[in-house]
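Dear colleague,

Please find the structure below, handed over for your review. My notes on it follow directly after.

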Amino acid sequence: MEKVEIYDTTLRDGEQAPGCSLNVEEKVRVAKQLERLGVDVIEAGFPASSPDDFKAVRDIANEIKDSTVTGLSRCMKHDIDACWEALKGTENPRVHVFIATSPIHMAYKLKKKPEEILEMAVQSVKYAKKFFPQIEFSAEDASRSDRAYLAKVVDAVMTAGATVINLPDTVGYATPGEYGDMFRYIRNHVADSDRVCFSCHCHNDLGMATANTLASVEAGVRQIECTVNGVGERAGNVALEEAAAVLYVRKDVFHVMTQLNLKEIKRTSNMVSELMRSPIQANKAIVGANAFAHEAGIHQDGVLKDPRTYEIMSPSMIGLDQTRLVLGKHSGRHALVEKASELGVHIPDHFVNAYFQAFKKMADNQKNISDDDLVSFFKNEKISI
Ligand code: KIV
Ligand code: ZN
């Protein structure tokens, strides 16, 4: 199977989310965990943006051995110089230069003509080539750019020396069909396009980041840019754990593999959530507290008989110990008996109904029932065994 590279931008795009900033030491901790998780590329920050970001990128570059480390740079010599100063200590440095190519960004944000943007992109890639073996070029807002112009830019930066071409859906506007088509168009309209690796970068403004990412993989993209827990600007970036889980669980559809150690996913997710003080919603796919929890009696009964009835993947895949059976008013007898035995209590068959009636009464009055509540319930309930 072909490999898809995982490019993690939690420490750059993710950290741009309001209230999610990390100090240098915290960033190094996250980078080490990302290395354990097995990501191919760590975007460690934007060195020219602040002295702290510079220091974080430099410290991470000096510490990390197994992943490529990269830093963000505008199409400016000063930014590329800052990236080189921060990254020169790493084995395989990569610079990530970007400039916007959509009419709205070029006219209103950058106030430049398309030819000027093209020239800035080419000159920056040529300049970066003096230092870096790997150069990633991003056409910001690619999904809202004119395709013929985008192809011209991609062709020119490839000739100048870019090795990875990233075409972001910067504002989370594209649909999966459109996003995949954009990559097909560019790959078909640029000479020798297989010389470079194409990369996707999806934001989640309309909730389509995961679908768009996967559509681009189907269109030949072989690098996915993502963040842990989907943190990032506005509604965030595509969540690493979602893209990775889909490629693993549905390899029958995508026929690609990653080098991730999936068992590190839960640990990485918890660390990022805690350090960024950004709680994970309970029903978040893959890493939410309820992602492997079952409360309804019919579901609990099915999972106890065979987990495959209601689980398409095992919690151990992401490093979780086990499926969580949550006891509540929707639960059934089978789950109550199982939970009791987990807590060291054996309920003889002829007492199951009595316990179950008593439990239902408690569950009607209490929304969340913890293991401690159950221990006292089994201890205090006046059903003699
Ligand atoms: O969303 C975006 O376009 C970006 C670029 C800098 C790659 O984050
Ligand atoms: Zn982004």
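A residue is called buried under 20% relative accessible area, exposed over 50% and partly exposed in between, with a 1.4 Å probe and protein chains only. By that definition, His201 and His203 are both buried.

This is a predicted model, in which local features need pLDDT of at least 70, side-chain atom pairs count only at pLDDT 80 or more, and totals for chains, interfaces and linings use all residues. Residues are numbered from 1 along each chain as its sequence is written, chains are lettered from A and ligands numbered from 1 in the order in which they are written, and side-chain values use heavy atoms, leaving out hydrogens and water.

The two histidines His201 and His203, each through NE2, coordinate the zinc ion (ligand 2) together with Asp13 (OD), at 2.0 to 2.1 Å. Donors are N, O and S atoms within 2.8 Å of the metal (3.2 Å for Na, K and Ca); water is not among the atoms, so sites may look incomplete. The donor spacing in sequence is D-x187-H-x1-H.

As to the fold, 8 strands form a closed barrel in the order 2-3-4-5-6-7-8-9, with parallel pairing. Strands are DSSP runs of E (at least two residues), helices runs of H or I (at least four), numbered from the N terminus; two strands pair if DSSP finds at least two bridges between them. Strand 5 (residues 94-100) runs parallel to strand 6 (residues 134-140), joined by 7 bridges. Within this pairing, Ala100 has Glu140 as its bridge partner in strand 6.

Finally, Arg29 belongs to helix 1 (residues 24-37) and is partly exposed, at 44% relative accessible area.

Kind regards
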